[in-house]
Amino acid sequence: MHMVLIALCLFMFAPLPSLQASSLPAELDSMVLEGKNHFYNLRMIEAANSFEQIKTAYPEYPHGYIYEAFMTVIRFSMDKQTDSLGNVLNEQVEKAVKVAEAYIDKTDNKADGHFYLGIANGLRGIYHVAQYNYVRAYWYGRKAKNNLNDTIEHDENYNDAYLGLGIFHYYADLLPGVVRFFAGVLGFQGDKARGIREIQRTRQHGNHYKFEAEFVYYGIRYFLEGDKKGSVRGFKKMYKRYPDNHGFAMMLAYHYRRIGYMKRCIDYCESFDTDYLETLPLLTNAKYYNMAIAYYDLNQFEKADSLLDELLQMNTRKSLYYEAAINYYKGHIAALRFERPLAISYLSKIKEEKQAKYWHKVAQMPLKIPMDSLMHSWYMARNNLFSREFKKSSEKATMLSARVAAGEKSLNPDFPFLLQDLIAQNHYYARRYKKAAETFAVLEKDLDNMKDPFRRAWIYIHYNRTLRSLNEFELAEKMLDKAHKLKEEYTRIIIARERFLLKQKEKRTKKA
């Protein structure tokens with residue numbers, strides 16, 4: 001999963017301030033709707049101009065200030081290294097808070113005022129999330145949640161407010177145990193079922209935020225609950241309504257790459273140009289990155305490498321995550337060409353920083369261990385598996401087993417574990433679940449001896465999926481517990497999703 005792209009999409013369609021048309025000047029309502037329409041079509045410059053005009057025409061209303069800060073949040077999410085942009089965002093959010101607080105005192109519609117203040121405090125929280133300062137994020141998140149509760153106390157039918165409350169309730173339920181406890185102390189009581197109901201309430205009965213609620217709903221279903229088919233249908237419908245919003249094209253490209261349909265991924269990436277170089281550089285970065293990785297998974301390494309070079313030459317701001325990902329694939333492709341000095345030069349650039357930690361862990365194996373013929377064939381077979389060329393992958397795995405049986409050894413001490421994992425996954429994708437489970441069971445007995453903790457955790461995740469398919473819920477849970485020992489955020493997010501899918505299937509099985 002490309003977490004940066006996911007985060008951007010969630011930012012781009014997070015709830016913006018709701019409007020109750022009856023309590024606003026008609027001209028202001030019209031200006032905001034025009035700005036929102038620009039925003040939904042990713043016309044970012046036009047949207048920013050609209051919000052600036054609102055500030056000028058209606059300085060005592062919080063709308064323009066909050067929209068302005070929201071636009072800066074999006075830019076900051078793609079350019080976190082720029083301290084000056086963070087300072088600008090802080091100033092804009094503080095101004096929005098002051099205007100919203102003053103608006104509460106002036107307006108008779110207290111529900112409106114508290115809602116706007118909730119959005120302003122929510123933007124404060126988003127800023128601190130982007131900075132990985134979760135304590136402050138929780139603090140401002142609590143304020144935002146209290147503001148939304150105040151909103152519905154004044155007007156329980158203020159249906160747009162339920163979107164924000166639903167997001168709070170849903171995500172608080174996903175937090176790890178200890179973190180969930182402290183979140184509860186801060187006022188976050190998780191309840192996924194309640195959160196979904198509240199999001200659905202806005203989706204069905206909201207005033208101006210049905211679109212946002214629909215996107216959040218499909219995003220949760222896709223990324224956290226495993227309903228890929230239904231969510232993809234939903235995203236495609238939304239893309240039809242907003243054909244200029246190529247963020248949806250990237251969502252769909254990412255989806256097809258992750259499920260192995262590389263040609264569809266490439267087609268979606270090629271369907272839009274690079275007009276977003278300045279306003280949304282992450283979208284342009286994602287286009288070239290996803291195409292490059294699709295070609296990599298097709299074992300077309302030279303094409304992948306040339307696309308990565310093209311991306312590097314572009315004058316787009318790149319997050320630490322993207323920098324690490326590009327360095328990993330550039331280094332890894334060099335290793336596959338047996339150009340070890342070049343490989344090391346790229347792989348050693350990846351630092352163990354928060355945004356790059358996933359890639360730092362992935363890079364350790366090719367960085368420490370030179371490429372050899374067995375590992376080269378293993379990577380080719382694994383890519384065949386990822387790109388749905390199951391027969392090729394299985395044939396290569398069988399040939400690798402024969403080479404090992406004949407006495408050939410890899411420089412990588414973990415190669416026997418990696419090979420058995422590949423064989424088991426081939427059984428799994430062929431729906432030979434019992435055979436896959438048997439292979440994983442033999443592998444798991446010695447898995448504590450595997451040197452690479454990152455890849456060991458992912459073998460446990462793979463084994464869990466096989467056990468879930470066989471309704472072996474208790475043993476699958478144990479495998480996830482073992483995988484959870486790895487201290488890496490992205491992997492733990494995947495583990496949390498796997499736990500959810502496991503519990504959901506267990507409930508369905510018991511009901512049946």
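Predicted model: local features only at pLDDT ≥ 70, side-chain atom pairs only at ≥ 80, totals over all residues.
Visitor: Which residues of α25 and α26 meet?

Guide: On the α25 side they are F473, A476, E477, L480, D481 and A483. On the α26 side they are I495, E498, R499, L502, K503, K505, E506 and T509.

Visitor: Why do the side chains of R499 and E477 count as a salt bridge?

Guide: The cut-off is 4 Å between a side-chain nitrogen of Lys or Arg and a carboxyl oxygen of Asp or Glu. R499 and E477 have an N to O distance of 2.4 Å, so they form a salt bridge. R499 lies in helix α26 (residues 489-511) and E477 in helix α25 (residues 473-483), so the pair ties together parts that are 22 residues apart in sequence.

Visitor: Is R499 buried or exposed, or in between?

Guide: Buried means under 20% relative accessible area and exposed means over 50%. R499 has 21%, so R499 counts as partly exposed.

Visitor: How many salt bridges does the structure hold?

Guide: There are 26. One of them joins K330 and D309, whose closest N and O atoms are 2.5 Å apart.

Visitor: What makes E52 and K55 a salt bridge?

Guide: Their side chains meet at 3.6 Å, N to O, and the limit is 4 Å, so the pair qualifies. Both residues lie in helix α3 (residues 44-57), 3 residues apart, about one turn of the helix. E52 has a relative accessible area of 39% and is partly exposed, whereas K55, at 17%, counts as buried.

Visitor: How many aromatic pairs does a search of the whole structure find?

Guide: The search finds 39. One of them is Y58 with Y61, at 5.8 Å centre to centre and 90° between the planes.

Visitor: Why is the pair of Y58 and Y61 called edge-to-face?

Guide: Ring centres must lie within 6.5 Å, and planes over 60 degrees apart count as edge-to-face. Y58 itself is buried, with a relative accessible area of 13%.

Visitor: What makes Y321 and Y322 an edge-to-face pair?

Guide: Their ring centres are 6.4 Å apart and their planes stand at 85°, so the pair is edge-to-face. Y321 counts as buried at 9% relative accessibility, and Y322 is buried at 0%. Y321 and Y322 belong to one aromatic cluster, whose members also include Y289, Y296, F301, W359 and W458.

Visitor: How do you know that K36 lies over the face of Y209?

Guide: K36 is at 3.5 Å from the ring centre, and the distance limit is 6 Å, with a further limit of 35 degrees from the ring normal. K287 lies over the face of F272, at 5.1 Å from the ring centre.

Visitor: What is noted about phi of N299?

Guide: Phi of N299 is near 65°, a positive value in a residue other than glycine. N299 lies in the loop between α15 (281-297) and α16. At 17% relative accessibility, under the 20% limit, N299 counts as buried.

Visitor: Where is R388, and why is R388 called partly exposed?

Guide: R388 is in the loop between α20 (373-386) and α21 (390-405). Its relative accessible area of 36% falls between 20% and 50%, so R388 is partly exposed. Phi of R388 is near 65°, a positive value in a residue other than glycine.

Technical notes
Residues numbered from 1 in each chain as written. Heavy atoms only, no water. Phe/Tyr/Trp six-rings, centres within 6.5 Å; stacked < 30°, edge-to-face > 60°. Buried < 20%, exposed > 50% of the residue type's maximum accessible area, 1.4 Å probe, protein only. Helix = DSSP H or I, 4+ residues; strand = E, 2+ residues; numbered from the N terminus. Contact = heavy atoms within 4.5 Å.
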